[in-house]
Amino acid sequence: QAAISGFGAHAEREGFVLATPQGNSDLPYWNATPEPDLPDDVGFVADVIDDVSATVCIDPDRVYVDGFSNGAFLASLVACELSDRVAAIAAVAGLLVPEGCAPSRPVPVLAIHGSEDRYVPPDGGAGPALADLEWSDDSRAAFAGLAFGDVTEAAATWAELDGCEPGPTRTELSASVALEAYGDCADEAAVDLYVVDGGGHTWPSSAFSHASAAILGPTTDDIDATELIWSFFQEHPRP
């Protein structure tokens, strides 16, 4: 995640605290279902927030979570279950609305998804490329219960949870990138979905994603995911 996002250099430049936790086991995964027999990763995120808060001086109203792929699944779950602690989330290639999601307040959500993602298809279902990955019994169990859904429908559901006006405003940002933005949300929340036409399972403007094109598919440079996420987070502190 550190290599894909480049958030380390961005944090140094912009002056924010960055924590990049490691997933479970030798073949790392996050328990985003959540499967009750696997580690409590929402609790782990809460513990990371506590640990960082005790170690350095942070603003408790500006705690954010972002993730890519399986990490985006976990970020989606965190938005449901830690809305009292997390100001906003960003999900790249993996926005979900977990079953029973009931945040205690509107949570701003930014999502980015490629139309040609073969791991997490934008119209739902587990992608065929998942079969090419190495799995452990635990990671298989974590993924078996995931409800892979349509990302457009997921954004619409988050907009409903956030009390936004129904129906997004679509803006063509380039020949290959469109923004579907929900406005007039409760508590100044927002739901922004960036759709990358022809994009793969990638992090826009990531050199790592470009270098992995043979595996992950095409990466656009028309938007910079790291820049977009940090700008979105800056605009949305916890009320």
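A: Start with Ser69. Ser69 counts as buried, at 16% relative accessibility. Buried means under 20% relative accessible area, exposed over 50%, and partly exposed in between, using a 1.4 Å probe and protein chains only.

Q: What is the phi of Ser69 near?

A: Near 60°, a positive value in a residue that is not glycine. Ser69 is in the loop between strand 1 (64-68) and helix 4. Helices (H or I, at least four residues) and strands (E, at least two) are DSSP runs numbered from the N terminus.

Q: Back up a step. What kind of model is this?

A: A predicted one: local features need pLDDT of at least 70, side-chain atom pairs count only at pLDDT 80 or more, and totals for chains, interfaces and linings use all residues. Residues are numbered from 1 along each chain as its sequence is written, and side-chain values use heavy atoms, with hydrogens and water left out.

Q: Okay. Which other residue has a positive phi although it is not a glycine?

A: Ala93, with phi of about 60°. It lies in the loop between strand 2 and strand 3.

Q: Is Ala93 buried or exposed?

A: Buried, at 1% relative accessibility.

Q: Prolines next. Where is the cis peptide bond?

A: Between Thr33 and Pro34, with omega about -10°. Pro34 lies in the loop between helix 2 (7-14) and helix 3 (41-55).

Q: Switching to cysteines. How many disulfides?

A: The whole structure has 2. A disulfide here is a pair of cysteine sulfur atoms within 2.5 Å. One joins Cys80 to Cys101, with S to S at 2.1 Å. Its handedness is left, with -100° about the S-S bond.

Q: What does the pair of Cys80 and Cys101 tie together?

A: Cys80 sits in helix 4 (residues 70-81) and Cys101 in the loop between strand 2 (88-92) and strand 3, so the link ties together parts that are 21 residues apart in sequence. Both ends are tucked in: Cys80 is buried at 8% relative accessibility, and Cys101 is buried at 14%.

Q: And which cysteine is joined to Cys164?

A: Cys185, with S to S at 2.0 Å. The link of Cys164 and Cys185 is right-handed, with 100° about the S-S bond. Cys164 is in the loop between helix 6 (151-161) and strand 4 (169-172), and Cys185 is in the loop between strand 5 (177-182) and strand 6 (191-196), so this pair ties together parts that are 21 residues apart in sequence. Cys164 is buried, with a relative accessible area of 12%. Cys185 is buried too, at 12% relative accessibility.

Q: What's the pairing, in sequence order?

A: Numbering the bonded cysteines that way, 1-2, 3-4.

Q: Cys57: buried or exposed?

A: Exposed, at 78% relative accessibility.

Q: Now holes. How many cavities of 30 Å³ or more?

A: The count is 2. A cavity is a set of points, on a 1 Å grid over the protein atoms alone, where a 1.4 Å probe fits but cannot get out; lining residues have an atom within 4 Å of a point. Grid points are joined across faces, edges and corners, and a volume is the space filled by probe spheres set on the points.

Q: What's the volume of the largest cavity, and which residues line it?

A: About 40 Å³. The lining includes Ile112, His113, Gly114, Val196 and Thr220. Strand 3 (residues 109-114) gives the most to that lining, with 3 residues. By class, the lining has 3 nonpolar, 6 polar and no charged residues. Ala, Val, Leu, Ile, Met, Phe, Trp, Tyr, Cys and Pro count as nonpolar, Asp, Glu, Lys and Arg as charged, and the others, Gly among them, as polar.

Q: And what's in the lining of the second largest cavity?

A: Leu95, Leu96, His113, Val120, Pro121, Phe148, Gly149 and Val151. That makes 6 nonpolar, 2 polar and no charged residues by class. The space in this second cavity is about 30 Å³.

Q: Last one, the overall fold. How many helices and strands?

A: The protein has 9 helices and 6 strands. Its radius of gyration is 17 Å, close to the 18 Å that the globule rule gives for 239 residues, so it is as compact as a globular protein of that length. That radius is taken over C-alpha atoms, and the rule is 2.2 Å times the number of residues to the power 0.38. Buried residues make up 50% of the 239.

Notes:
On a 1 Å grid over the protein atoms alone, a cavity is a set of points where a 1.4 Å probe fits but cannot get out, and a pocket is an open set with protein on both sides within 12 Å along at least five of seven lines; lining residues have an atom within 4 Å of a point.
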